[in-house]
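Please examine the sequence and the structure shown here before reading the report.

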Amino acid sequence: MITFTTIDSTYAECVRIASNLTPISTWKLHPAGIALDTHKANYGRATKEGEILINPAFIGTTAVNKLKETMYHEIAHLIVGLNDNHNKNFNALKVPYVEI
């Protein structure tokens, strides 16, 4: 079962892996932590402050792969910046998505 501790450790793991592929010094937004989102329409989102917000609906589920996919997706936003929202720069970024 996913807990907030699971979300926090998954965030740390995903940031570590993504920073090995693309050094954090080159990211448009530096990672500033993880929190639960109050906006429940999305799996997750990245903020202009560099925080990743995760939908609390993950808690109590076993959807670890979807959680990782969401983390990497939001980390990609931190890497390219929020202005490059799903454009060619975002789509060209190689991040380790998990197969569902």
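Predicted model: local features only at pLDDT ≥ 70, side-chain atom pairs only at ≥ 80, totals over all residues.

Residues are numbered from 1 along each chain as its sequence is written, and side-chain values use heavy atoms, with hydrogens and water left out.

Helices (H or I, at least four residues) and strands (E, at least two) are DSSP runs, numbered from the N terminus.

| Element | Residues |
|---|---|
| Helix H1 | residues 4-21 |
| Helix H2 | residues 64-80 |
| Strand S1 | residues 33-36 |
| Strand S2 | residues 44-46 |
| Strand S3 | residues 51-54 |

The axes of H1 and H2 come within 10 Å and cross at roughly 50°. Axes are lines fitted to C-alpha atoms, for helices over the stretch in contact, and angles run from 0 to 180 degrees between N-to-C directions. H1 is therefore oblique to H2; angles under 35 degrees count as roughly parallel, over 145 as roughly antiparallel, 65 to 115 as roughly perpendicular and the rest as oblique. Contact (heavy atoms within 4.5 Å) involves residues including Ile 7 and Tyr 11 of H1 and Leu 67 and Met 71 of H2.

The strands form an open sheet in the order S1-S3-S2, with mixed pairing; two strands pair if DSSP finds at least two bridges between them. S1 and S2 are the edge strands, each pairing on one side only. S2 and S3 run antiparallel and are joined by 3 bridges. Ala 46 stands opposite Ile 52 in S3.

H1 packs on the sheet, touching S1 and S3, while H2 lies across S1, S2 and S3.
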